[in-house]
Every structure is written in structure tokens, then in C-alpha cells.
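Subject: Structure for you to look at

Hi,

Here is the structure I promised to pass on. Please open it alongside this email.

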Amino acid sequence: MSASPTLVARTGSFFHRYANPGRFLKLGARIQPWLTWTALLFTLAGLGWGLFYSPADWQQGDSVRIMYVHVPAAILASSGYAALAVCGLLSLVWRHPLADLAAVEIGPVGACITALCLATGSLWGKPMWGTWWVWDARLTSVLVLFFLYLGHIALIRAFDDPQRGYRAAAILALAGAVDLPIIKFSVQWWNTLHQPDSITLTGAPTMSSSMLWPLALSMIGISLGFAAIVVARLRAAVMENRIRSLLSSPRRRGGAA
């Protein structure tokens, strides 16, 4: 029975060791340029290849090229919210010093990528289904995810005491994570218009390699871009907190007086 508390303590110690704000700023300063330039390189290569050189689909024609933006956006929409849930767990269980700040900065980026997913999905759906929107299980669950992001953004800023906002938003992030498996398995659980996943962990891809490679490059590039934006925002938030702490310190106030 004592193993579980020991494991929790060791896990918390590990997370706290690599979440020191000073260490994070040093690490972030090193990886930021690599993330940014690698993201630009892979994204430009993937989108350039996919939009201009990959073949058109025999059924969908050139409209299939929307997938080089839509598929990465759809995956990152769920991945970003999963990161919010992890931040919520770290905050509630281990009082992780950067988890709350990370949640603040991930929320808007995740909401934007989810909006991009919905917009590109509508653009893709119009020529395929003859309508911009249907209350399909996959589309509806992604729309719910977008509202969860908006709720998280609003809730984390809704209290005068930031700690209350952090706790409330962490609970919402963990509760809202139930939507993620619904998004993932909606095309298997219900009869939907949305096509099944073309890439799975258990089977071979159902698309041509001439489409798969540019999609993979776009996925890597846009994912790294997502990470680069979050790291940049989090670095700015950490530095802002440090400056605010310095300006409000008793020594600073005494010197000013």
C-alpha cells in the first residue's frame, strides 16, 4: 500500500525537476529557433508538395488537397486538448509550477487550430456532401471540443484569484477529455458521413504514398509550429510573471519609497 504514494512522490519530483521556471527559460531559448525553423521547413515542404505536386484523388479530385491542412489540424485539435488535460492533472495532483501557465497558453492555440479544423472540414464537405455542415457524430464532437476550449479560456480568467481559475479550468480540462475518445471512435461507433481514418496504428495506410509523404511532412511541420507557438507564449508568460514578482517585491517597494 505504501508503493503508490511513493510512486506519486517520485513522479512529482521528476516533473518538478524539469519544470523549474529558470530551467524552462534556458531550455526554451535553446529549442525555440530549432522548433520555429524546422516547423517552417517541414510545413512549406509538405504543403508545397501536397498542394501543387501530389496527384488528385480519383473520386474527390483536387478537393482532396484540403486534407494537407485539415488532417494535421484535426489531430492537433485533440492533441492540444489532451495536453490541457495533462496540465490539469499535473496542477491538481502535483501542484506543477508551470502546468497552470502552460494551460493558459495552450488554450488559445488549441482553439485556433480547432477552428481551422472545422473551417477546412466545411470547405471539404461542401463538394463532397453538398453542404457546409451536417450534424455528423465526428463534426459535432469536434464542435463540442471547440466550445470546451472556449470554456477553458474563459474559466481560467474568470476569477480575481488566479489560483481559483487554475483549479476550475483544470477540472474542466479533465472532465472535457471524455470528448476525445468520442471524436476518435465516432466513425466506428456510429453510422456517419465522415470517412474512416486513413491512417491507423493497427493497419497499413489506405492512401497512396504519393499523398502519404506530403501529409506526413505537413503533419510534422504543423505540429512543430504548434509547439513553437506554445513555447514562445509560455516563455513570455514566465518572464512576465518574473517581472511582476520583481516589481511587487517588498525590497523593490521599499527602494521606490
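This is a predicted model: local features need pLDDT of at least 70, side-chain atom pairs count only at pLDDT 80 or more; totals for chains, interfaces and linings use all residues.

Surface patch. W49, L51, F52, Y53 and W213 make up a nonpolar patch on the surface. Together they have about 660 Å² of accessible area. Helix 2 (residues 21–52) supplies the largest share, with three residues. L51 is found in helix 2. L51 has a relative accessible area of 35%, so it counts as partly exposed.

Loop residue. I66 sits in the loop between helix 2 and helix 3 (67–94). Neighbours within four places in sequence aside, I66 is in contact with T120, L123 and W124. I66 and L123 are 57 residues apart in sequence, yet their C-alpha atoms are 7.8 Å apart in space.

Helix 5. This helix has 20 residues (137–156). At 1.5 Å a residue it should span 28 Å, and its end C-alpha atoms are 28 Å apart, so the two agree. D136 caps the N-terminal end of helix 5. A side-chain oxygen of D136 lies 2.8 Å from the backbone nitrogen of R138. R138 is itself buried, and so are other residues of helix 5, including L139, V142, F146, Y149 and I153. What do the buried residues of helix 5 pack against? They pack against helix 3, helix 4 (99–129), helix 6 (162–176) and helix 7 (179–189).

Best wishes

Definitions and conventions
Residues are numbered from 1 along each chain as its sequence is written. Side-chain values use heavy atoms; hydrogens and water are left out. Patches are made of residues with over 30% relative accessible area and no salt bridge: like charges are joined within 9 Å, nonpolar side chains (Val, Leu, Ile, Met, Phe, Trp, Tyr) within 5 Å. Accessible areas come from the Shrake-Rupley method with a 1.4 Å probe; for residues, only the protein chains shown count as cover. A salt bridge is a side-chain nitrogen of Lys or Arg within 4 Å of a carboxyl oxygen of Asp or Glu. Helices (H or I, at least four residues) and strands (E, at least two) are DSSP runs, numbered from the N terminus. Buried means under 20% relative accessible area, exposed over 50%, partly exposed in between (1.4 Å probe, protein chains only). Contact means heavy atoms within 4.5 Å. The expected span of a helix is 1.5 Å times one less than its number of residues. A polar contact is a pair of N or O atoms within 3.5 Å; within protein, one must be able to donate a hydrogen and the other to accept it, and residues adjacent in sequence count only if both atoms are side-chain atoms.
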